[in-house]
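Subject: Model for you to look at

Hello,

Here is the structure I promised to pass on. Please open it alongside this note; my findings on the ligand site follow below.

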Amino acid sequence: MEWRDSQIVRVVDETPLDRTLFLEVPAGCDHWLDFRPGQFVVMSDPEAATPVRRAYSLSSAPREHAHLCITVRRMGGFGCVLHGFGPGKGIRLEPPQGRFVLAEDDAPLLLCAGGSGITPFRSFVVHLARQGRRAPVGLLQSAQQPEELLFHPLFEALTREAPWLAYEPTVTRAAPEHPWPGRRGRIDADRIRARLGDPAATWFYACGPGAFVREMLELAAALGVPRERCRKEQWG
Ligand SMILES: Cc1cc2nc3c(=O)[nH]c(=O)nc-3n(C[C@H](O)[C@H](O)[C@H](O)COP(=O)(O)OP(=O)(O)OC[C@H]3O[C@@H](n4cnc5c(N)ncnc54)[C@H](O)[C@@H]3O)c2cc1C
Ligand SMILES: NC(=O)c1ccc[n+]([C@@H]2O[C@H](COP(=O)([O-])OP(=O)(O)OC[C@H]3O[C@@H](n4cnc5c(N)ncnc54)[C@H](OP(=O)(O)O)[C@@H]3O)[C@@H](O)[C@H]2O)c1
């Protein structure tokens, strides 16, 4: 796809591993802010000796800001490079794209995120809140450590004020003596069953590392979610 010049305008640290980059919308591309929640942008560094293009899900909701936001984990080659960029750094950006998008009907949603796979679901949930959502949305997030639960304060605040949202974080590698008061252990069949209403009427989404996504889809299938109601996005 055709790229445009953009730049990073602001950086916000979210966890010890993740930071959100606010990206300038290129001149004449205001319509890019009308992306569908769940879509990603492809980025590259115009100054790199060897060009590398990498995809990043948009973590902001459409028109939530005057900028496009991505949230980058300090991981892998380009992930670490991008993590080191600050305001004013020029980048190349391709338009929002991808088919891992929020369903347009009002059917219940069950969203399962592993690690930084939560990024597109921030876009889903903020968009739905702005649209006046009523139907149930289950949001299961799994991270190794409590400090790595992305957007945790936002999801907790939304859950308190939005009866349709059920947010359930879990951590898998916290030391036993860690004061984390919440759930521990991987997202498993019991957790999914507890949040799944009618499996045939729910849209099931999974996003994150490949092994996580494969496991979530197997669990969903075993619990009777039809394949055509499952959507996935995975990296690695
Ligand atoms: C559609 C799509 C959306 C993506 N959205 C995001 C996003 O919102 N935030 C983000 O940080 N990354 C996201 N990624 C991953 C991103 O594109 C890069 O792969 C990542 O920044 C690592 O850089 P690299 O590929 O150069 O690392 P490499 O050195 O080539 O690869 C490192 C390895 O780390 C693993 N890995 C890469 N990214 C992650 C990750 N985020 N979490 C866990 N394991 C990972 C993979 O196994 C990969 O092979 C997305 C990828 C795709 C395909
Ligand atoms: N502080 C650090 O140095 C640090 C922090 C985070 C990640 N990392 C490294 O970065 C890489 C990716 O990390 P990440 O956090 O983005 O992803 P990840 O650790 O692979 O997975 C994120 C979450 O998904 C869970 N998960 C993974 N596979 C699963 C499966 N098959 N079924 C159910 N749950 C599953 C993990 O549980 P489990 O923990 O049980 O696998 C974890 O809670 C890993 O190599 C990781 O070790 C390092």
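Four elements each supply at least two residues of the shell around ligand 1: strand 4 (54-57), strand 5 (68-73), helix 1 (77-83) and strand 12 (230-235). Strand 4 gives the largest share, with 4 residues. Keep in mind that this is a predicted model.

Where does ligand 1 lie relative to the two domains? Domain 1 (4-93) and domain 2 (109-235) both contribute to its shell, so ligand 1 lies between them. The space that ligand 1 takes up is the largest pocket.

The shell has 18 residues, and R54, A55, Y56, F78 and S116 come nearest to ligand 1. Sorted by class, the shell holds 7 nonpolar, 8 polar and 3 charged residues.

Now the polar contacts:

- A55: a polar backbone atom is 2.6 Å from an oxygen atom of ligand 1.
- G79: a backbone N or O atom sits 3.2 Å from an oxygen atom of ligand 1.
- W235: here the side chain takes part, with a polar atom 2.9 Å from a nitrogen atom of ligand 1.

How much of ligand 1 does the protein bury? On its own, ligand 1 exposes 870 Å², and the protein buries 73% of that.

When you go through the site, strand 4 is a handy place to begin: it spans 54-57, and R54, A55 and Y56 are among the residues that come nearest to ligand 1. Then turn to W235 and its side-chain contact with the ligand nitrogen.

Best wishes

Terms used:
Residues numbered from 1 in each chain as written. Chains lettered and ligands numbered in written order. Predicted model: local features only at pLDDT ≥ 70, side-chain atom pairs only at ≥ 80, totals over all residues. Heavy atoms only, no water. Near = heavy atom within 4 Å. Polar contact = N/O pair within 3.5 Å; in protein donor to acceptor, adjacent residues only side chain to side chain. Areas by Shrake-Rupley, 256 points an atom, 1.4 Å probe, with all protein chains shown as cover. 1 Å grid on protein atoms, 1.4 Å probe; cavity = no way out; pocket = protein on both sides within 12 Å on 5 of 7 lines; lining within 4 Å. Sits in = over half its atoms within 2 Å of the grid points. Nonpolar A, V, L, I, M, F, W, Y, C, P; charged D, E, K, R; others polar. Domains from an automatic or database assignment.
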